[in-house]
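Here is a brief report on a ligand site and on aromatic packing. Look at the model first, then read on.

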Amino acid sequence: MISKPQHADVLVVGAGPAGISAAIAAATHGSKVLVLDDNATLGGQIWRKGIAGKAEPTKPHAQDTRQAILRAAFITSGAELLPGRRVVDAPRPGILRTIVDTPTGPMPESFAWDRLILATGARERFLPFPGWTLPGIVGAGGLQALVKGGYPVEGKRVVVAGTWPLLLAVAAHLQQCGARVVSIEEQAPLGQLVPFAAGLWSHPAKVRQGIRYRAALADVPYRIGWWPIAAEKNASEILVRLTDGKRIVTETCDLLACGFHLVPNTELAELLGCKISSDLVEVNDRQETSVAGIFCAGEPTGIAGLDAALVQGEIAGLAAAGQPQKLSALHKKRAKENGFGQRLNAAFRLRPEVRLLCAPDTIVCRCEDVTYTQLQGRASWTEAKLQTRCGMGPCQGRICGPAVQSLFGWRATSVRPPIFPVPISAFGNNDSDFLEEITTFQETE
Ligand SMILES: Cc1cc2nc3c(=O)[nH]c(=O)nc-3n(C[C@H](O)[C@H](O)[C@H](O)COP(=O)(O)OP(=O)(O)OC[C@H]3O[C@@H](n4cnc5c(N)ncnc54)[C@H](O)[C@@H]3O)c2cc1C
C-alpha cells in the first residue's frame with residue numbers, strides 16, 4: 001500500500017537553481033519545505049555533479065563560490081532534499097505522487113502540500129536529420145551530462161552543433177575533460193547575433209563568461225550560420241555534413257553532440273491544470289500560476305538562464321511563504337533577466353532550414369521507429385499517435401514531440417498520468433490504488 005503522505009507547507013519539485021533558491025527563501029521564512037528531485041543530488045542541469053544538501057552533507061564542493069553559497073544557505077535554511085524521487089502524478093488536489101528507488105525496487109510515495117512550487121527546468125530539443133539516430137550522435141547537454149557522470153572523452157574528436165550558448169559551455173567542458181573539439185557549429189545567422197551581443201553591456205558577468213569560454217576554445221573553429229544536414233558512420237568514425245546554405249563541408253569525428261535550444265518541462269504544470277501560453281507556464285508577479293497556491297519558477301516559465309532561475313525561484317519561495325512585502329525589491333532584477341532571456345531567444349531562434357532536414361526515411365520518433373514519410377499528411381499530433389504510435393514509446397513524446405512541433409506545427413493536446421513511465425513493479429503485490437487512480441483518470445478523459 002502507498003504509505004500516508006508526507007506533508008510540506010511548501011513542496012518544491014526540482015532541485016535546480018530555481019528550486020534551490022525557492023526552497024531557501026521559503027524555509028528561511030519559517031515554512032516546512034521539502035524538495036523532490038529525480039536526481040541524486042541538488043544542482044539541476046547546470047550543477048549536475050551536485051551541490052551537497054542534507055542528503056550528502058560530507059561532500060564538499062566549494063570551487064564555485066555561487067554553488068558554495070547556495071549549498072550553505074540550503075543547509076542552514078532547514079529545507080530538506082528528498083532525492084531520487086520522480087513526480088509522476090497528481091492524483092488528488094494537494095497531493096503529488098512520486099516513484100522512489102528503494103533496495104527492494106521502485107516504490108510509490110505521496111506528498112501533501114499547502115503550497116507547491118514547480119521548478120522542473122527544461123530539456124534539449126532534438127531536430128531530426130538523416131543519420132541523427134546513429135550511435136555516437138548525442139545531445140550536446142546529454143553528452144555533457146554523461147561526461148559529468150564519468151563517461152570518458154579523452155582524445156575523442158567531437159563536433160558540437162545546433163544552437164544556443166550552451167554549445168560553448170559544452171564544448172569548453174568537453175575540452176577541459178580531454179576531448180578534441182573539432183568545431184562548434186551555430187545555426188543562428190551572424191545578423192541575429194550581432195545586435196544581441198551589442199546589447200550585452202548591461203550583463204557584464206555574462207560577457208565575462210562568454211569571453212572565458214571563447215578563450216578556452218581559441219583554437220576551435222566557431223562557425224556562425226552553419227548547421228548539420230546529414231551524418232553517416234563508417235567502421236569507427238562519424239562523417240558530418242554541414243552547410244551554411246551555400247557551401248557544404250564534411251567533418252570527421254568520433255562523437256557529434258547536437259542540440260537545438262531547450263524545451264521547457266511543462267508537463268507537470270499542465271497535469272495540475274496550470275495555464276500554458278506559447279508553450280510556457282503562465283505566472284503573475286508572484287510567480288503564481290493560474291491555479292491558486294501553485295507557483296512556477298525557472299525554465300518552465302521561459303528559457304532565460306541561471307540568474308533568471310535564481311531570482312524567479314526566490315520570488316516564488318517568498319510568495320509561497322507568505323512574504324509578499326519582500327517581492328517588489330526583486331522585480332527589477334527579474335525584469336532585467338527575463339528581458340535578457342527574451343533577447344537570447346530571439347537571437348538564437350531556429351532558422352527555417354533546420355526544420356526541413358528530414359529525408360523521407362528519416363526516423364522522427366526513435367522509440368517507435370516512425371519515419372518522416374509516415375507522419376506526412378496526418379492532420380494532428382493525435383492522429384499521428386493513433387495511426388503510427390509516434391510519441392507512444394518510453395520517452396512519451398519528450399524527444400519527438402518538440403520535433404514534430406517544429407516539423408508540422410502539431411502540439412500535444414493533453415497530458416496524462418503517469419507523466420513519466422512507471423515500472424509495473426512499483427505497484428506492488430496488493431497495491432491497486434495507483435492503477436485505480438490512473439485508470440479512473442483515463443476513463444474520465
Ligand atoms: C541538458 C542541459 C544542460 C545544461 N548545461 C548548462 C551548463 O553547462 N551551463 C549553463 O550555464 N547552463 C546549462 N543549462 C541551462 C541551465 O539549466 C539553466 O540556465 C538554469 O540553470 C535552469 O535552472 P532550473 O532550476 O530552471 O532548471 P534545472 O536546472 O533543469 O532543474 C530542474 C530539476 O527538476 C528536476 N525535475 C524535472 N521534472 C521532475 C519531476 N517530474 N520529478 C522530479 N524532478 C524533476 C530535474 O531533474 C532537474 O534536476 C543546461 C540545460 C540543459 C537542459
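## Burial and the model

A residue counts as buried under 20% relative accessible area, and as exposed over 50%. The model is predicted.

Phe-196 has a relative accessible area of 11%, so Phe-196 is buried. Phe-348 is buried too, at 5%.

## Ligand shell

The ligand is surrounded by 30 residues. Ala-18, Asp-37, Asp-38, Val-87 and Gln-144 are the closest. By class, 13 are nonpolar, eleven polar and six charged. Helices α1, α3 and α8 and strands β4 and β7 each supply at least two shell residues. The largest share, three residues, is from β4.

The side chain of Asn-39 places an N or O atom 3.1 Å from a ligand oxygen. A polar backbone atom of Pro-17 is 3.2 Å from a ligand oxygen. For a backbone N or O atom of Leu-306, the distance is 3.3 Å. The ligand alone exposes 990 Å², and the protein buries 91% of that.

## Aromatic pairs

There are five aromatic pairs in the structure. Phe-196 and Phe-348 have ring centres 6.0 Å apart and planes at 80 degrees, so they pair edge-to-face. Phe-196 is in helix α5, while Phe-348 is in the loop between α9 and β20, 152 residues apart.

Phe-408 and Trp-410 are stacked, because their centres are 4.5 Å apart and their planes are at 15 degrees. Phe-408 is partly exposed at 23%; Trp-410 is buried at 9%.

## Arginines over rings

Arg-223 sits over the face of Trp-226, 5.3 Å from the ring centre. Arg-366 lies over the face of Trp-132, at 5.0 Å.

Note on methods
Residues numbered from 1 in each chain as written. Predicted model: local features only at pLDDT ≥ 70, side-chain atom pairs only at ≥ 80, totals over all residues. Heavy atoms only, no water. Near = heavy atom within 4 Å. Polar contact = N/O pair within 3.5 Å; in protein donor to acceptor, adjacent residues only side chain to side chain. Areas by Shrake-Rupley, 256 points an atom, 1.4 Å probe, with all protein chains shown as cover. Helix = DSSP H or I, 4+ residues; strand = E, 2+ residues; numbered from the N terminus. Nonpolar A, V, L, I, M, F, W, Y, C, P; charged D, E, K, R; others polar. Phe/Tyr/Trp six-rings, centres within 6.5 Å; stacked < 30°, edge-to-face > 60°. Buried < 20%, exposed > 50% of the residue type's maximum accessible area, 1.4 Å probe, protein only. Lys NZ or Arg CZ within 6 Å of the ring centre and 35° of its normal.
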